[in-house]
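User: I have a model open and would like to go through its fold and its side-chain contacts with you. Could you take my questions one at a time?

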Amino acid sequence: MSSSMRFDILTLFPEMCRAPLGHSILGRAQEQGLIEIGLHDIRAHGLGRHRVVDDAPYGGGSGMVMRVDVVEAALESVRQPHSHVVLMDPTGKRFDQRVAHRLSQEEHLVLICGHYEGVDGRVSEHLVDEAISIGDFVLTGGELAAMVMVDSVARLRPGVLGNAESLAEESFNDG
């Protein structure tokens, strides 16, 4: 496992994530170079003068979804050969401590935060490695879920908590 891990969060609302991820344990871990967190505005890749990011769902349905071409452009601006890409999705695989441990072994996590009625289904089919849900409920967007995931995964990285023994005594480590 390399000593530093990078998280890139693709969102329509980067400011929503900035303060919570910049303080306390996560803030100190960034200052020490143990983790890096990048926040990227998907709207920067939107189309036209108004930076359009949404469209009617491919194949029909209610509401609007984030466009696959816009999400792909945002993703390609941060993706590296070793990136592991996760779509925050209420229909995805359930996030738990086992998943957090597995993801903490990655060098680079890219977290895509949906909004509106979600993202175009082709994002999940063709652009990501997996879709993950933090629980059986619906949020207004993927930002809160992404911040939960960053916090849970980052604290498992060497040095982030300071005392590695404190990880061994946690309630969810023994199943």
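Analyst: We can go through the sheet, the helices, the salt bridges and the surface in turn.

Analyst: This is a predicted model, in which local features need pLDDT of at least 70 and side-chain atom pairs count only at pLDDT 80 or more, while totals for chains, interfaces and linings use all residues. Residues are numbered from 1 along each chain as its sequence is written, and side-chain values use heavy atoms, with hydrogens and water left out.

User: OK, what's the strand order in the open sheet?

Analyst: The open sheet has five strands in the order S2-S1-S6-S5-S7, with parallel pairing; strands here are DSSP runs of E with at least two residues, helices are runs of H or I with at least four, and both are numbered from the N terminus. Two strands are taken to pair if DSSP finds at least two bridges between them. The edge strands are S2 (35–41) and S7, each of which pairs on one side only. From one strand to the next the twist averages 30 degrees.

User: And how many bridges join S5 to S6?

Analyst: Six bridges join S5 (residues 83–94) to S6 (residues 108–113), and these two strands run parallel. Leu87 has Ile112 as its bridge partner in S6, and Leu87 also stands opposite Ala131 in S7. The pairing of S5 with S7 is likewise in the parallel sense, over five bridges.

User: Switching to helices, which strands does H6 touch?

Analyst: H6 packs on the sheet and touches S1, S2, S5, S6 and S7, and its direction makes about 175 degrees with that of S1. Contact means heavy atoms within 4.5 Å, and the angles, which run from 0 to 180 degrees, are taken between N-to-C directions of lines fitted to C-alpha atoms, for helices over the stretch in contact. Helix H1 (residues 14–21) lies across S1 (5–11) and S2, running at about 160 degrees to S2.

User: Within H6, is Val153 buried or exposed?

Analyst: Val153, which is in helix H6, is buried, with a relative accessible area of 0%. Not counting residues up to four places away in sequence, Val153 touches Met5, Phe7, Phe95, Ala100, Leu103, Ser104 and Leu109. The C-alpha atoms of Val153 and Glu106 are separated by 9.8 Å, although these residues are 47 residues apart along the chain.

User: What about Ser152, what is it in contact with?

Analyst: Leaving aside neighbours within four places in sequence, Ser152 is in contact with Phe95, Gln97 and Ala100. Ser152 also lies in helix H6 and counts as buried at 13% relative accessibility.

User: Now charges: how many salt bridges does a search of the whole structure find?

Analyst: The search finds eleven salt bridges, each being a side-chain nitrogen of Lys or Arg within 4 Å of a carboxyl oxygen of Asp or Glu. One of them is between Glu36 and Arg6, whose closest N and O atoms are 3.2 Å apart. Glu36 lies in S2 and Arg6 in S1, so this pair ties together parts that are 30 residues apart in sequence. Glu36 is partly exposed at 40% relative accessibility, and Arg6 is partly exposed at 28%. Arg6, Asp8 and Glu36 are linked in a network of salt bridges.

User: Which residue does Asp120 form a salt bridge with?

Analyst: Asp120 forms a salt bridge with Arg122, the closest N and O atoms being 2.7 Å apart. Asp120 counts as buried at 7% relative accessibility, whereas Arg122 counts as partly exposed at 30%.

User: Last topic, which residues make the nonpolar surface patch?

Analyst: Phe13, Met16, Phe137, Leu139 and Leu144 make this patch of about 420 Å². Patches are made of residues with over 30% relative accessible area and no salt bridge, with like charges joined within 9 Å and nonpolar side chains (Val, Leu, Ile, Met, Phe, Trp, Tyr) within 5 Å. Accessible areas come from the Shrake-Rupley method with a 1.4 Å probe, and for residues only the protein chains shown count as cover. Phe137 lies in the loop between S7 (130–133) and H6 (143–154) and is partly exposed, with a relative accessible area of 43%.

Terms used
Buried means under 20% relative accessible area, exposed over 50%, partly exposed in between (1.4 Å probe, protein chains only).
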